[in-house]
Amino acid sequence: MNNKIKWIGAIFLLVNGSWVWAASLPADLKWESNDTDPVFASPKAIPGGTLNLFIDSFPLTFRTVGPDSNGSFRSYIQDNQLRLISFHPNTGNPIPSLASAWAIAPDSQTVYFKLDPRAKWSDGKPVTADDYTFGYEMMRSKDIKGPWFNNYYTTEVIAVEKVDEHTIMVKAGTRKAKLDLLNTTELWPQPKHYYKLTPNWVKQYNWALVPTTGPYVMTDVKKGKSVTFSKQKGWWAQHDRYNQHRFNVETIKVQVIRDHNIAFRHFLKGEFDAFEMILPNWWHEKAVTPEYKKGYVQKVMAMTDTKQGGQGLHLNIANPKLADLNVRLGIQHAMNLDKMIETVLRGDYDRATTFGSGFGEFTDIKLPERAYDISKAREYFAKGGYGKPGPDGILQNDKGERLTLALTYTSQEHSKRLTVLKEEAKKAGLELELNLVDGATGFKVMLEKKHEAAWLGWAGGGLYPQYWESFHSDNANKPQTNNLFNVADKQLDALIDAYGIEFDTAKRAELSRQIQQRIHDLAIFVPGVQLNYVRASSWRYVMLPEVPATKNTPDLLYWPMDGYPHSSGGLLWIDPKLKEQTLQAKDADEALTPINLLDKTYARH
């Protein structure tokens, strides 16, 4: 019997004595790169020194996938792991990273990447195509216990294939416009020589110091106390155009201080070099000590134009009480966010109206604000069965059950703002029970869906809004997913599914606005606040470029790592001469000129 075999888009390669499949390279590809966008770091930067920072809780794991991996410390690890490409923080254009060039196939679904042959893991091993094909296998494996990644690498990324040692093909699940396609396919590698997929993978790698492609490696870990990162000697990408004069400090030490007031005292003593001051009470009330007045520490504020993640109150509708739309609508009108912004937040923030903003036509700016309205709140609560005031003023149902809402949050700094909401909600007959839980542990409670309501904000990463992980029924009633609402709505699912496969940008933006409208109609999210600036204090000798922040600098002004999706971190440096002068002046109680900088380069107009 004659078998006719036709090879289409693939070839056979002999690798280590075995024949394996490999993708072939189309002949008509148009390769692109980018070495012409403006640099954004300062040529005045000085390498060396130690940057001392703090976090308020120790991570539950060093893994970046799997259970408990999605905490705030993850950024220290993930932002030090380069992707195939990045996006310029000011122009938004793609720029090289682990890939030196890329080419989009005519199908608008497939991208080819040429890996930089210089790229190395921190243990000296080369980064090759095998690290991407293995990474694809790993992210689809049940061993990692990461349902989001399992799904993404099944539906959004449907193939990763090796062309040769330094060329790969990545295929998206659907046709996409150029930037959306690049954003979908610019993957992280996974070190094939390091990982082994086993049923015990989660436990085996819980505290593993995995090799990295970025400038820093973890060199000292004191469980529960501190993590130290050190700059790689001769880091392979240091002299690339968009990395020059970045990642300047030699050592980054991150200590755990659970109370921000205690951390601030350490900062004023010089034990921490920078202190983020997004919160108004810190900026206006606490940054007035002698250290500021005498110029030893400085205040820096920069206007930005970043994409905002959803920040506000997430209602878990798996709770029988919150399953009632009328109760949820009542809660919407019982939250006096305007008073919270005016008083505790000193008017520094804007009120949000959607789950995320700043995405241009993808954001529905016409969604109506649900204003604080005691009469409306009580009217909705009555429709939901809570119409009788109890002796303490809190509404009750026919069973005598009080109208309460347990609100879980993770930052002591938010207690004052939530206390305002609590006092105002009482006037509408709603009792807010404020449950402050340690950062990493509290977020675990939310991911395990053990909350009634969760007060938190998400980073605004990504070029376009992401809805599937937070609102699709695929992630409802499952632990370790971001659907904190436990929402499973067929209309919302249909919109999200259509949004995920829509190629036309204008139609996709329209679907995004429809999704935001449906979220609004379901009343599962109470939009909180948004802001368009970063601000912080640092000791005088911690330097930033003349324009201290990029257009897309995230919340942390003195972020020492790279950042996703825009390569915007690592701009700071420590001036050793200025440090010596500052400390000498402090010891001599000699006043220097105070520094209070406001940069409006990227202010929204």
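Glu165 sits in the loop that joins strand 8 (157–164) to strand 9 (167–172); helices (H or I, at least four residues) and strands (E, at least two) are DSSP runs, numbered from the N terminus. The model is a predicted one, so local features need pLDDT of at least 70 and side-chain atom pairs count only at pLDDT 80 or more, while totals for chains, interfaces and linings use all residues. Residues are numbered from 1 along each chain as its sequence is written, and side-chain values use heavy atoms, with hydrogens and water left out.

With a relative accessibility of 37%, Glu165 counts as partly exposed (buried means under 20% relative accessible area, exposed over 50%, partly exposed in between, with a 1.4 Å probe and protein chains only). Leaving out residues up to four places away in sequence, Glu165 touches Leu115, Thr128 and Ala129, where contact means heavy atoms within 4.5 Å. Lys114 is 51 residues from Glu165 in sequence, yet their C-alpha atoms are 9.4 Å apart in space.

Lys178 belongs to helix 4. Its relative accessible area is 40%, which makes Lys178 partly exposed. Setting aside neighbours within four places in sequence, Lys178 is in contact with Glu32 and Ile104. Ile104 is 74 residues away from Lys178 along the chain, with 7.9 Å between the two C-alpha atoms. As for helix 4 (residues 178–185) overall, it is mostly covered, with 6 of its 8 residues buried. Those buried residues are Asp180, Leu181, Leu182, Asn183, Thr184 and Thr185.

Next comes a pair of helices. The axes of helix 2 (residues 129–140) and helix 3 (residues 147–156) come within 7 Å and cross at roughly 125°; axes are lines fitted to C-alpha atoms, for helices over the stretch in contact, and angles run from 0 to 180 degrees between N-to-C directions. Helix 2 and helix 3 are therefore oblique to each other (angles under 35 degrees count as roughly parallel, over 145 as roughly antiparallel, 65 to 115 as roughly perpendicular and the rest as oblique). On the helix 2 side, Tyr136, Met139 and Arg140 meet Phe149, Asn150, Tyr153 and Thr154 of helix 3. This contact has 4 nonpolar, 2 polar and 1 charged residues, where Ala, Val, Leu, Ile, Met, Phe, Trp, Tyr, Cys and Pro count as nonpolar, Asp, Glu, Lys and Arg as charged, and the others, Gly among them, as polar.

On a 1 Å grid over the protein atoms alone, a cavity is a set of points where a 1.4 Å probe fits but cannot get out, and a pocket is an open set with protein on both sides within 12 Å along at least five of seven lines; lining residues have an atom within 4 Å of a point. Grid points are joined across faces, edges and corners, and a volume is the space filled by probe spheres set on the points.

The second largest pocket holds about 390 Å³. It is lined by 27 residues, with Ile77, Gln81, Val210, Pro211 and Thr212 closest to its centre. Helix 1 (74–78) and strand 10 (216–222) each give at least two residues to this lining, which comprises 18 nonpolar, 7 polar and 2 charged residues.

There are 6 cavities of 30 Å³ or more. The largest cavity contains about 150 Å³, and Thr353, Arg370, His520, Phe525 and Pro527 are the closest to its centre among 16 lining residues.
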